[in-house]
Amino acid sequence: MQTVDANGANIPAIGLGTWQLNGAVGTRITQQALRLGYRHLDCALIYGNEKEIGEGLHASGVKREDVFITTKVPHTELAPSALERAVKQSLKNLRVSDVNLLLVHWPNPAIPLAETMGAMSKMKTEGYTRHIGVSNFTVELIEQAVKLSSEPIVTNQIEWHPYLDETKVKAACAKHGIAVTAYCPIARGRLGDDQVLARIGRAHGKSAAQVSLRWLVQQGAVVIPRTSKVERLSENMAIFDFTLTDAEMAEVGALAKSAGRVVSVGWAPRWD
Ligand SMILES: NC(=O)c1ccc[n+]([C@@H]2O[C@H](COP(=O)([O-])OP(=O)(O)OC[C@H]3O[C@@H](n4cnc5c(N)ncnc54)[C@H](OP(=O)(O)O)[C@@H]3O)[C@@H](O)[C@H]2O)c1
């Protein structure tokens with residue numbers, strides 16, 4: 001398994017996204033993914049399915065120690081006492097004694113970032129998580145979080161795929177040794193019909209989704225595609241046996257468009 005090193009963390013370059021994998025599907029897909037070689041699970045308290053994901057983990061036969069588990073603290077729970085409660089709930093749901101990576105799920109301007117980063121650092125020093133990170137942080141917020149955190153930030157998890165230009169956030173992360181984890185790495189399935197990706201894929205015997213995932217990992221990103229279909233688990237993992245040329249990388253990069261974002265951010269507060 002290819003990994004990404006970032007500020008002391010060694011993160012498997014592909015993980016299983018788990019949003020909407022609820023109930024029996026969540027357990028079955030998690031178990032299958034681990035049996036097929038996935039070693040990274042991307043969870044969140046707010047997804048409401050950590051129990052099912054934990055069940056899949058424990059039923060898989062793969063040792064806990066061999067799996068990199070990420071979970072996230074909801075933006076409503078970022079005050080220190082609430083944050084600690086949320087983390088303990090996640091660990092209970094997943095039936096693990098700690099996670100590998102704990103993220104601030106979304107920034108919340110109503111709660112001082114200094115308090116949140118202090119509480120996140122405490123979760124690490126007290127052994128609830130091995131690493132800490134953030135998600136949906138802008139360039140400005142990354143700079144603030146780095147200054148306010150006593151423990152290193154290892155990733156910023158953001159929406160990133162060929163339809164979205166994340167050059168600025170990526171550069172801000174690189175400046176501080178922070179890995180970028182790409183969520184919606186196949187734009188929620190919208191890339192499937194893309195003619196450019198399909199053509200490039202044909203040249204390598206790969207699908208459009210695989211080209212998108214490869215384009216991201218080839219730039220050093222961690223990708224966390226989600227699927228509810230067992231056959232796609234293997235497809236999404238088969239991205240380490242081919243290389244895109246410089247011209248292909250540039251052609252995929254040129255697909256970015258101003259309305260390329262697929263996640264609506266209207267429901268969550270942002271500091272832009
Ligand atoms: N930090 C955050 O704020 C945040 C926000 C959004 C997501 N995330 C995380 O990132 C993960 C991934 O993002 P996402 O789930 O929103 O979107 P995604 O992984 O880009 O896309 C998932 C969709 O693509 C389809 N799909 C999967 N593999 C495919 C393939 N090989 N070819 C064609 N279609 C395929 C899936 O359908 P089938 O099930 O039918 O395969 C599903 O509908 C989430 O699950 C979650 O863990 C984090």
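This is a predicted model: local features need pLDDT of at least 70, side-chain atom pairs count only at pLDDT 80 or more; totals for chains, interfaces and linings use all residues.

User: At roughly what angle do the axes of H2 and H3 cross?

Analyst: Helices are DSSP runs (H or I, at least four residues) numbered from the N terminus. Axes are lines fitted to C-alpha atoms over the stretch in contact, and angles run from 0 to 180 degrees between N-to-C directions. The axes of H2 (residues 50–59) and H3 (residues 80–94) come within 7 Å, and the crossing angle is roughly 45°.

User: Which residues in H3 meet H2?

Analyst: Contact means heavy atoms within 4.5 Å. From H2, the residues Glu50, Lys51, Ile53, Gly54 and His58 take part, and their partners in H3 are Ser90, Asn93 and Leu94.

User: Is the crossing of H4 and H5 left-handed or right-handed?

Analyst: The axes of H4 (residues 113–125) and H5 (residues 139–148) come within 9 Å and cross at roughly 55°. H4 and H5 are therefore oblique to each other. A crossing is left-handed if the near helix is turned anticlockwise from the far one by less than a right angle, and right-handed if clockwise. The crossing of H4 and H5 is right-handed.

User: Is H7 roughly parallel or roughly antiparallel to H10?

Analyst: The axes of H7 (residues 195–204) and H10 (residues 246–253) come within 10 Å and cross at roughly 160°. That angle makes H7, relative to H10, roughly antiparallel.

User: What is the volume of the largest pocket?

Analyst: On a 1 Å grid over the protein atoms alone, a pocket is an open set of points where a 1.4 Å probe fits, with protein on both sides within 12 Å along at least five of seven lines; lining residues have an atom within 4 Å of a point. The largest pocket is lined by 35 residues, and Trp19, Cys184, Pro185, Arg188 and Arg226 lie nearest its centre. The volume of the largest pocket is about 790 Å³.

User: Which helix supplies the largest share of the lining of the largest pocket?

Analyst: H8 (208–217) and H9 (230–237) each supply at least two residues of this lining. The largest share, 3 residues, comes from H9.

Key: Residues are numbered from 1 along each chain as its sequence is written. Side-chain values use heavy atoms; hydrogens and water are left out. Angles under 35 degrees count as roughly parallel, over 145 as roughly antiparallel, 65 to 115 as roughly perpendicular and the rest as oblique. Grid points are joined across faces, edges and corners, and a volume is the space filled by probe spheres set on the points.
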